[in-house]
Amino acid sequence: MIAGLKRLILWDYERGVWQYDVMCAVILIFIAFSPRAWFRDQPRIPHASQISEGVFWMEPDLVDSVPEQQRIDKLGKVLSARTGKKLQLTRIEPIFDSEKEIKGYMAFSRQ
């Protein structure tokens with residue numbers, strides 16, 4: 001019993017034996033049927049990135065760090081510095097997930 005558990009933990013079975021196939025099947029079942037909520041760690045994008053001409057994605061921490069009355073002007077300067085182009089933001093819209101939490105902001109600009 002202990003030897004079998006040790007071989008399972010250390011993945012000591014050779015390919016082609018039924019124990020190896022069972023371990024692979026268990027791993028595939030876990031990957032396919034585990035809830036998405038278990039793995040909330042998603043790759044991070046930069047604080048602001050350009051999606052298309054005049055449209056930018058901004059992370060919540062970047063936008064929330066600026067007072068609401070100054071957001072359009074200050075974030076426009078941040079985007080201008082990052083892109084090297086003179087940009088003027090026209091509006092910033094929050095993007096919510098299914099749980100109504102802010103996931104980021106879409107910033108719209110004109111040159």
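1. Aspartate 64 and arginine 71 are joined through their side chains by a salt bridge, at 3.7 Å from N to O. A salt bridge here is a side-chain nitrogen of Lys or Arg within 4 Å of a carboxyl oxygen of Asp or Glu. Aspartate 64 is partly exposed at 45% relative accessibility, whereas arginine 71 is buried at 18%. The cut-offs are under 20% relative accessible area for buried, over 50% for exposed, and partly exposed in between (1.4 Å probe, protein chains only).

2. The model is predicted: local features need pLDDT of at least 70 and side-chain atom pairs count only at pLDDT 80 or more, while totals for chains, interfaces and linings use all residues. Residues are numbered from 1 along each chain as its sequence is written, and side-chain values use heavy atoms, with hydrogens and water left out.

3. The salt-bridge count comes to 4. Among them is the pair of glutamate 93 and arginine 91, whose closest N and O atoms are 2.6 Å apart. Glutamate 93 is partly exposed, with a relative accessible area of 33%, and arginine 91 is also partly exposed, at 40%. Another joins aspartate 97 to lysine 103, at 3.8 Å from N to O. In that pair aspartate 97 is buried at 17% relative accessibility, and lysine 103 is partly exposed at 38%. Side chains of opposite charge can pair when their charged atoms come close.

4. The sheet is open and has 4 strands in the order 1-2-4-3, with antiparallel pairing. Strand 1 (48–52) and strand 3 are at the edges with a single partner strand each, so one side of each has no neighbour in the sheet. On average, neighbouring strands are turned by 30° against each other, direction ignored. Strands (E, at least two residues) and helices (H or I, at least four) are DSSP runs numbered from the N terminus. Two strands pair if DSSP finds at least two bridges between them.

5. Strand 3 and strand 4 (residues 102–110) run antiparallel and are joined by 8 bridges. They form a hairpin with 5 residues between them, and lysine 100 in the turn has a positive phi of about 65°. Phenylalanine 96 has isoleucine 102 in strand 4 as its bridge partner. Strand 4 is also joined to strand 2 by 4 bridges, again antiparallel. Tryptophan 57 stands opposite methionine 106 of strand 4.

6. Glutamine 88 belongs to strand 3 (residues 88–96) and stands opposite arginine 110 in strand 4. Leaving aside residues up to four places away in sequence, glutamine 88 touches Phe108, Ser109 and Arg110. Contact means heavy atoms within 4.5 Å. Glutamine 88 is partly exposed, with a relative accessible area of 44%. Between glutamine 88 and phenylalanine 33 there are 55 residues of sequence separation and 46 Å in space, C-alpha to C-alpha.

7. Helix 4 (residues 71–83) lies across strand 1, strand 2 (55–58), strand 3 and strand 4, and runs at about 100° to strand 3. Axes are lines fitted to C-alpha atoms, for helices over the stretch in contact, and angles run from 0 to 180 degrees between N-to-C directions.

8. Why does helix 1 count as lying largely in the open? Helix 1 (residues 2–9) has 8 residues and the number buried is 0, so the helix lies largely in the open. Just after helix 1, tryptophan 11 has a positive phi of about 55°.
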